[in-house]
Amino acid sequence: LPDGEHFLFIGRETSGTVAGSLYAGSLKGGEPQQVLERASNAEYSGGYLLYLKDSNLVAQEFDLGSLKVKGNAIAVAEKVDYWNARDMAYFAASAHGMLLYRKGISTPAQPMWMDRGGRELEKVGEPGLYFDTQLSADGSKLALARVDKDSQNGDVWVVDLKRNNMSRATFTEAANLSYALSPDGNMIAVDTNTNGSHGQLWTQPISGAGTQTNLADYPSWLLVSEWSRDGRSLI
C-alpha cells in the first residue's frame with residue numbers, strides 16, 4: 001500500500017471452492033487484519049480498493065489509516081476473467097486510476113480438419129468451448145474436453161469420425177477435468193478436481209454407458225495426460 005508498510009493478501013483457512021478472505025498485513029509483523037470475506041486479489045488505487053465480486057470488478061472506498069472499507073461497492077466492469085482455484089481476477093490498476101482487465105467471455109470454436117497447407121477441409125462435430133482434443137490411435141474417434149457455457153464445468157465429448165456424430169461421454173460437475181484415450185479408443189481415463197484440491201481418477205467406456213472403475217482418490221491435484229500404447233500404464 002502507499003504507506004510503504006502495509007500490504008494486502010489472500011488467505012485460505014481451508015482448501016476448497018470457497019474463496020479466501022482478503023487481509024491487510026504489516027512489514028513490522030503482528031496479527032493480520034481481515035478486510036473482506038470471500039474476496040479475490042485486490043489493488044488499491046486513488047482511495048479505492050478494487051476487487052472481484054459476483055464476477056464483476058468493483059471499487060470501494062478504503063481508508064489507509066484504519067485499513068477498512070467504507071460505503072458500498074460500485075461496479076466498474078462486468079464478467080472479468082477469474083481463476084477460482086487461486087482467487088485470482090485478471091486485472092491491474094495504477095495509482096492514478098488507469099485500469100486494465102481481461103473479459104471472461106469465450107467464443108465457441110468449430111473443430112476442423114485441415115491439410116498441411118492450412119486449408120480447411122471439413123467440419124468436425126459442432127461448435128463449442130473446447131480446451132483439449134485427442135485423436136484415437138486408429139483415427140476413428142476424436143475426443144474433446146468441452147466447457148458448458150452456463151455452469152463452466154468440463155466434460156468429455158466424442159465424435160465418431162466415420163459418421164461425424166457427436167455424443168457426450170462424461171457427466172461430471174467439475175470445473176477442472178483432464179482425460180486420456182485408451183490405445184484402442186474404447187475407454188477413457190478421466191480425472192476431476194472437484195473442490196480445488198481433491199483429485200479423483202477413473203476409467204469408463206468412451207460411449208458414456210457402462211461402469212466407472214475408480215483408480216485413485218487423492219487429497220491433491222491430479223492431471224492425467226497419456227495412456228501408454230501397451231494399455232498398462234497411465235501418465
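Two strands count as paired if DSSP finds at least two bridges between them. In this predicted model, strand β2 (residues 21-26) is joined to β3 by 3 bridges, and the two strands run antiparallel.

**The sheet of β1, β2 and β3**

The pairing of β2 with β3 belongs to an open sheet of 3 strands, arranged in the order β1-β2-β3 with antiparallel pairing. The edges are held by β1 (6-11) and β3 (33-36); each has a single partner strand, so one side of each is left without a neighbour in the sheet. Averaged over the sheet and with direction ignored, neighbouring strands are turned by 35° against each other. Within the sheet, Ala24 stands opposite Gln33 in β3.

**Accessibility of selected residues**

| Residue | Relative accessible area | Class |
|---|---|---|
| Asn153 | 19% | buried |
| Met88 | 34% | partly exposed |
| Ser225 | 39% | partly exposed |
| Asp54 | 68% | exposed |

Asn153 is classed as buried because its relative accessible area is 19%, and the class requires a value under 20%. This residue is found in the loop between β15 (141-147) and β16 (154-160). Leaving aside residues up to four places away in sequence, Asn153 touches Arg146, Val147 and Asp148, together with Glu173, Ala174 and Ala175.

**Ser225 and its contacts**

Ser225 lies in the segment after β21 (213-218). With 39% relative accessibility, Ser225 is partly exposed. The contacts of Ser225, residues up to four places away in sequence not being counted, are Gln134, Tyr179, Ala180 and Ile235. The C-alpha atom of Ser225 is separated by 9.0 Å from that of Ala189, a residue 36 residues apart from Ser225 along the chain.

**A nonpolar surface patch**

Trp83, Met88 and Tyr90 make a nonpolar surface patch of about 270 Å². Of these residues, Met88 lies in strand β9 (residues 88-89). Met88 is partly exposed, at a relative accessible area of 34%.

Note on methods: Residues numbered from 1 in each chain as written. Predicted model: local features only at pLDDT ≥ 70, side-chain atom pairs only at ≥ 80, totals over all residues. Heavy atoms only, no water. Helix = DSSP H or I, 4+ residues; strand = E, 2+ residues; numbered from the N terminus. Buried < 20%, exposed > 50% of the residue type's maximum accessible area, 1.4 Å probe, protein only. Contact = heavy atoms within 4.5 Å. Patch = residues over 30% accessible without salt bridge, like charges linked within 9 Å, V, L, I, M, F, W, Y side chains within 5 Å. Areas by Shrake-Rupley, 256 points an atom, 1.4 Å probe, with all protein chains shown as cover. Salt bridge = Lys/Arg side-chain N within 4 Å of Asp/Glu carboxyl O. Axes fitted to C-alpha atoms, helices over the stretch in contact; angles between N-to-C directions.
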